[in-house]
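Below are some questions and answers on a protein model. Have the structure open while reading.

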Amino acid sequence: MTTEKPIGTKFLNVDLDIRTQSGLDELINAFNSSAFVLSKTEHQASFELSEIYPASIDEAVLHFSLLIKAFPLHIRTIWEQCEVRQMNIGIQGGVEPYAAYFALSENAVLLLASIHAEIVFTVYGSGLS
């Protein structure tokens, strides 16, 4: 009989997902080395922060928001024209604890609103049955 340690529910990371009909390569280049591309198609891209591994949702939102706010005006215009601007918060589900809570501070919510970004939660199953 094996005694596997139960997997706990935890925050994983925040991905930035965008979709635009034009200017995708310019947006990708605007992140420089601060974020890397996880996946890319003709009109969509997903990013993760490359300079830090965020310890919290707020930390990731803060870093992405500051990067976007620092874009030059022509890049910010492309950002504003994106059909999708989502901060996708990844949560690994587990068998413990019974309930886990993940909060966004008022500051994080205001930052997301200021860059016109949606919040999406992706919760991954524990894989245990």
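Predicted model: local features only at pLDDT ≥ 70, side-chain atom pairs only at ≥ 80, totals over all residues.

Q: How do the residues of the contact of helix 2 with helix 4 divide into nonpolar, polar and charged?
A: The helix 2 side includes Val61 and Leu62, and the helix 4 side includes Leu111 and Leu112. Taking both sides, the residues of this contact divide into 5 nonpolar, 2 polar and 2 charged.

Q: What is the orientation of helix 2 to helix 4: roughly parallel or roughly antiparallel?
A: Two packed helices are described by the angle between their axes and by the distance between those axes. Here the axes of helix 2 and helix 4 come within 10 Å and cross at roughly 30°. Angles under 35 degrees count as roughly parallel. Therefore helix 2 is, relative to helix 4, roughly parallel.

Q: Is the crossing of helix 2 and helix 4 left-handed or right-handed?
A: The two axes cross at roughly 30°. As for the hand, the crossing of helix 2 and helix 4 is left-handed.

Q: What is the order of the strands in the open sheet?
A: Strand 1 (residues 10-19) pairs with strand 4 in the antiparallel sense over 9 bridges, and with strand 3 in the antiparallel sense over 4 bridges. Strand 3 (residues 44-49) is joined to strand 2 by 5 bridges, and these two run antiparallel. Strand 4 is joined to strand 5 (residues 118-124) by 7 bridges, and this pair runs parallel. The pairing is mixed, and the order in the open sheet of 5 strands is 2-3-1-4-5.

Q: Which strands stand at the edges of the sheet?
A: The order is 2-3-1-4-5. Two of the strands have a single partner strand each, so one side of each is left without a neighbour in the sheet. From one strand to the next the twist averages 30°. The edge strands are strand 2 (35-40) and strand 5.

Q: Which residue is the bridge partner of Val14 in strand 4?
A: Strand 1 and strand 4 pair in the antiparallel sense. In this pairing Lys10 has Gln92 as its bridge partner in strand 4. For Val14, the bridge partner in strand 4 is Ile89.

Q: How many of the residues of strand 4 are buried?
A: In a regular strand the side chains alternate between the two faces of the sheet. In strand 4, Val84, Gln86, Asn88, Gly90 and Gln92 on one side are buried, and so are Arg85, Met87, Ile89 and Ile91 on the other. Strand 4 is thus largely enclosed by the rest of the structure, whereas strand 1 is mostly covered, with 7 of its 10 residues buried. For strand 4 (residues 84-92) the count is 9 of the 9.

Q: Is Phe121 buried or partly exposed?
A: Phe121 lies in strand 5. Not counting residues up to four places away in sequence, Phe121 touches Asn88 and Ile89. Buried means under 20% relative accessible area, and exposed means over 50%. Because its relative accessibility is 45%, Phe121 counts as partly exposed.

Q: What pattern does the protein chain follow along the sequence?
A: The protein chain has 4 helices and 5 strands. Read along the sequence, their pattern is β-α-β-β-α-α-β-α-β.

Notes
Residues numbered from 1 in each chain as written. Heavy atoms only, no water. Axes fitted to C-alpha atoms, helices over the stretch in contact; angles between N-to-C directions. Parallel < 35°, antiparallel > 145°, perpendicular 65-115°, else oblique. Left-handed = near helix turned anticlockwise from the far one by under 90°. Contact = heavy atoms within 4.5 Å. Nonpolar A, V, L, I, M, F, W, Y, C, P; charged D, E, K, R; others polar. Buried < 20%, exposed > 50% of the residue type's maximum accessible area, 1.4 Å probe, protein only. Pairing = 2+ DSSP bridges.
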